[in-house]
Amino acid sequence: MLLEKYHLDSHNEQLLATHKKQFHFLSESINDADRIVQLLSEFQVAIPSWALGTGGTRFGRFSGGGEPRNLEEKIEDVGLLHKLNQSSGAISLHIPWDIPENTAATKALAAQHGLKFDAVNSNTFQDQPDQEQSYKFGSLQHVDPAVRRQAIDHNIEVIRQGIALGSKSLTVWLSDGSCFPGQLNFRRAFQRTLESLKEIYAALPEDWKMFVEYKAFEPNFYSMTVGDWGQSLLYANKLGPKAYTLVDLGHHLPNANIEQIVSLLLSEGKLAGFHFNDSKYGDDDLTVGSINPYQLFLIFNELVEGMDARGMNHANDLGWMIDASHNVKDPLEDLLQSVEAIQIAYAQALLVDSKKLVAAQDNNDVVSAQEILQNAYRTDVRPLVAEARLRSGGALQPVELFRSLGVRQSLIKNRGQKTVATGL
Ligand SMILES: [Mn+2]
């Protein structure tokens with residue numbers, strides 16, 4: 001074990017006095033500190049199996065050393081994160097990058113680390129070595145029924161794998177679309193995709209959800225067949241009550257008002273959940289909160305407002321997952337930063353005085369409305385997040401402990417310098 005309980009205890013012991021001072025100071029200046037800490041403790045963010053190695057770009061990939069070599073090691077890495085922050089209690093598998101060879105053993109290993117299986121993700125955006133039909137011109141939209149059949153069967157197989165693991169949702173992200181005008185008949189491509197999705201939907205167990213993820217561009221650059229939330233919502237509405245729209249923060253055109261999209265999807269009861277990341281230009285997949293933390297806060301503000309309006313449970317009624325990866329950071333340190341950024345934005349959103357905000361809105365008091373939001377956003381809530389970790393048995397400063405224990409060095413020693421995690 002790279003991280004034992006006594007490591008956590010002695011780390012927390014050293015930081016405890018300073019932390020307590022900061023926590024008490026903050027608790028006295030806000031309402032409901034204990035309630036916020038409790039909600040933070042309950043809030044779990046799923047870690048995708050493909051984020052545990054270096055992401056790379058189309059120009060290259062620089063392995064970081066000690067990357068997990070198989071599914072078991074990926075589960076161990078997520079277990080390590082969860083031990084540090086007590087907020088990463090789920091893993092999301094991508095199939096066929098991660099196919100459990102022995103489902104019972106995989107499940108048992110995850111349970112040993114306190115992990116559940118979040119949404120399972122299908123992949124019809126690249127060809128696998130042994131596959132008969134090519135996805136070069138799309139999958140569920142393809143003009144050839146044999147290609148569509150293969151893509152549908154793959155999704156149904158992913159559902160089957162998910163059932164065995166105890167997962168409850170399937171995320172479908174399609175790269176289908178076109179690169180040039182005239183290449184595709186939009187209406188017919190939509191219809192074919194819908195018919196394919198209907199077959200997959202029919203294979204969902206009763207208590208499952210299907211998440212239809214959209215993306216504005218890339219790898220297709222003229223049209224995407226599920227290109228925005230309107231198209232995703234069309235599919236979800238036509239499919240039925242188990243189908244929802246999934247929002248990936250990086251999948252919009254620049255300057256899109258994502259918080260408004262979230263608000264409306266929530267009020268329609270069609271928001272599935274989130275893929276968190278951050279971006280400067282496009283689908284940059286950068287660390288959550290690293291570029292635009294105010295936007296993240298505004299999104300959480302709509303989430304909290306919208307979920308409360310519908311009486312939803314913040315922790316369980318939507319799917320929360322990180323979908324980020326890149327070349328330059330230690331993937332585990334990066335994930336710790338992402339989870340913390342999510343918790344900070346959530347805690348700030350919980351601080352918003354919603355009654356006062358409604359009163360300001362009803363009086364067209366624009367200045368007060370902005371003050372209310374920014375008072376919450378400018379509160380340093382990190383002591384609340386740290387207190388939630390402390391009460392749950394995690395580390396006060398996860399990245400610091402990760403570094404001081406030399407976890408990466410141990411992983412390199414155990415797994416080797418030149419390991420490559422499965423993925424793109
Ligand atoms: Mn995504």
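**Contacts and overall shape**

I began with how far apart in sequence the contacting residues lie: in this predicted model, among contacts between residues at least 6 apart in sequence, 80% join residues at least 24 apart. I then listed the secondary structure and found 15 helices and 11 strands in the protein chain. The radius of gyration is 22 Å, close to the 22 Å that the globule rule gives for 424 residues, so I noted the chain as being as compact as a globular protein of that length. Along the principal axes, the C-alpha atoms fill a box of roughly 65 × 60 × 40 Å, and buried residues make up 46% of the 424 residues.

**The nonpolar core**

Next I looked up the largest nonpolar core, which has 108 residues, with Ile-91 and Ala-347 having the most contacts inside it. Helix α10 (residues 331-351) supplies the largest share of this core, 13 residues. I wrote down the surroundings of Ile-91, leaving aside its neighbours within four places in sequence: its contacts include Ala-46, Ile-47, Ile-75, Val-78, Leu-115 and Phe-117, and also Ser-49 and Asp-118. As background I recalled that in soluble globular proteins nonpolar side chains tend to be buried together.

I turned to strand β5 (residues 169-173), where five of the five residues are buried. Both faces are covered, with Ser-169, Thr-171 and Trp-173 on one side and Leu-170 and Val-172 on the other. In a regular strand the side chains alternate between the two faces of the sheet. I followed the pairing in both directions: two bridges join β5 to strand β4 (residues 120-121), running parallel, and five bridges join β5 to strand β7 (residues 209-213), also in parallel. For landmarks I noted that Asn-121 stands opposite Thr-171 and that Leu-170 stands opposite Met-210 in β7.

**Helix α5**

I checked the length of the helix: at 1.5 Å a residue, the 21 residues of α5 should span 30 Å, and the end C-alpha atoms are 30 Å apart, which agrees. Its buried residues include Val-147, Ala-151, Ile-152, Val-158 and Ile-159, but also Arg-148, His-154, Asn-155 and Gln-161. The buried residues of α5 pack against β4, β5 and α6 (186-202). Just after the helix, Gly-166 takes a positive phi of about 90 degrees.

**Backbone details in the loops**

I kept in mind that most residues other than glycine have a negative phi, and most peptide bonds are trans. Against that background I recorded a cis peptide bond between Ile-95 and Pro-96, with omega about 25 degrees; Pro-96 is found in the loop between β2 (90-92) and α4 (103-112). Another cis peptide bond joins Glu-218 and Pro-219, with omega about 10 degrees, and Pro-219 is in the loop between β7 and β8 (223-224).

I also looked up two aspartates with positive phi. Asp-32, at about 65 degrees, lies in the loop between α1 (5-29) and α2 (33-42), and counts as exposed because it has 12 C-beta neighbours inside 10 Å.

Definitions and conventions: Residues are numbered from 1 along each chain as its sequence is written. This is a predicted model: local features need pLDDT of at least 70, side-chain atom pairs count only at pLDDT 80 or more; totals for chains, interfaces and linings use all residues. A nonpolar core is a set of buried Ala, Val, Leu, Ile, Met, Phe, Trp, Tyr and Cys residues joined through C-beta atoms within 7 Å. A residue is buried if 20 or more other C-beta atoms lie within 10 Å of its own, exposed if 12 or fewer, and partly exposed in between; C-beta atoms are placed from the backbone. Helices (H or I, at least four residues) and strands (E, at least two) are DSSP runs, numbered from the N terminus. Two residues are in contact if their C-beta atoms, placed from the backbone, lie within 7 Å. Two strands pair if DSSP finds at least two bridges between them. The expected span of a helix is 1.5 Å times one less than its number of residues. The radius of gyration is taken over C-alpha atoms; the globule rule is 2.2 Å times the number of residues to the power 0.38.
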